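Dear colleague,

Please find below the structure that I am handing over to you. My notes on it follow directly after.

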Amino acid sequence: MAPPYRCLIIDDESPAHKALISHISKFDELEHSGSAFNGMEAIKLLNENQYDIIFLDINMPVISGVELMELQPNRPLTIVTTAYSDFALSAYQNDAIDYLMKPISLDKFTKAIEKAKTYHSGNTIKKENNSNEKALSYRSNGQTIETPLSDILYIESLGNYMKLYNSKLKSPAIIYGSLASISAEIDCSHFIQVHRSFIVNTNKITTVTFKNLTLSNGDIIPVGRKYQILLDNLPMR
């Protein structure tokens, strides 16, 4: 079972916290992991901890919800919870995934969570960067990251998670999802699955044998028997 989504509530009113905590408690896949009663507290918690979802009020003293979104562009998935309808456009322009009006019914809360889960599990989206080079956009440790496909060495499956190995980074990125889902997003002739647990960038392969292949960084990847045929036409043998 996947770890629960860590939730942070940001609201200056205690009744709002109690209502959201009550809703969160009804979902096994959610965990109330923090509460902030103003924007300054929220920024401190966001800088010190990792969250998957934040429930953000708009009308708060010192730092409003919209201002917090502008100050924290790489924040976790954001569900706005407010008594005001005037800020919906600003919220969505700052990448809020839903906008819930108080009082928040369990039905509307449930729909917002389903949307958050879709964003989180399907967080690998093919995009184009400024140089028109294809890139992969994904969420890792609460942040949205874009990586050029040409920098990806390989992707390893770890149950409900994956490790994405980047040729320019020392440590792999941990991503929630499956090889099947990411394979559809990186629909590209330079990526093939060579094992039930591995997808590799063929441009990074240096040598291939019947049982494994070696990548440009020296990593050795196992080759599954049924995937061997996919490697037959590669020039390096």
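In which loop does Asn94 lie? Asn94 belongs to the loop between α4 (88–93) and β5; here helices (H or I, at least four residues) and strands (E, at least two) are DSSP runs, numbered from the N terminus.

Please note that this is a predicted model, in which local features need pLDDT of at least 70 and side-chain atom pairs count only at pLDDT 80 or more, while totals for chains, interfaces and linings use all residues. Residues are numbered from 1 along each chain as its sequence is written, and side-chain values use heavy atoms, with hydrogens and water left out.

Asn94 is buried, with a relative accessible area of 18%. The term buried means under 20% relative accessible area, exposed means over 50%, and partly exposed lies in between (1.4 Å probe, protein chains only). Not counting residues up to four places away in sequence, Asn94 touches Val66, Met69, Glu70 and Arg75, where contact means heavy atoms within 4.5 Å.

Asp98 lies in strand β5 and is likewise buried, at a relative accessible area of 10%. With neighbours within four places in sequence set aside, the contacts of Asp98 are Thr78, Ile79, Val80, Tyr92, Ala112 and Lys115.

**Salt bridges**

Side chains of opposite charge can pair when their charged atoms come close. A salt bridge is counted when a side-chain nitrogen of Lys or Arg is within 4 Å of a carboxyl oxygen of Asp or Glu. Nine salt bridges are found in a search of the whole structure.

One of them joins Asp11 to Lys102, with the closest N and O atoms 2.6 Å apart. This pair links distant parts of the chain, 91 residues apart: Asp11 is in the loop between β1 (5–10) and α1 (14–24), and Lys102 is in the loop between β5 (98–101) and α5 (106–121). Asp11 is buried, with a relative accessible area of 0%, whereas Lys102 is partly exposed at 25%. Asp11 and Lys102 also belong, together with Asp57, to a network of salt bridges.

Other salt bridges lie within helices. In helix α2 (residues 39–48), Lys44 and Glu48 are four residues apart, about one turn of the helix, and their side chains meet in a salt bridge (3.0 Å, N to O). In helix α5, Asp107 and Lys111 are also four residues apart, and are therefore separated by about one helical turn; the N to O distance in their salt bridge is 3.6 Å. Asp107 is partly exposed, with a relative accessible area of 47%, and Lys111 is exposed, at 54%.

**Strands and sheets**

Strands are said to pair if DSSP finds at least two bridges between them. β1 and strand β2 (residues 30–36) run parallel and are joined by six bridges; Cys7 stands opposite His32 in β2. Together, β1, α1 and β2 make a right-handed β-α-β unit (right-handed if, with the strands pointing away from the viewer, the path from the first strand over the helix to the second runs clockwise).

There is also an open sheet of five strands, in the order β11-β10-β9-β13-β12, with antiparallel pairing. Its edge strands, β11 (173–176) and β12 (191–195), each pair on one side only. β12 pairs with strand β13 (residues 198–201) in the antiparallel sense over four bridges, and the bridge partner of Gln193 in β13 is Ile199.

With kind regards
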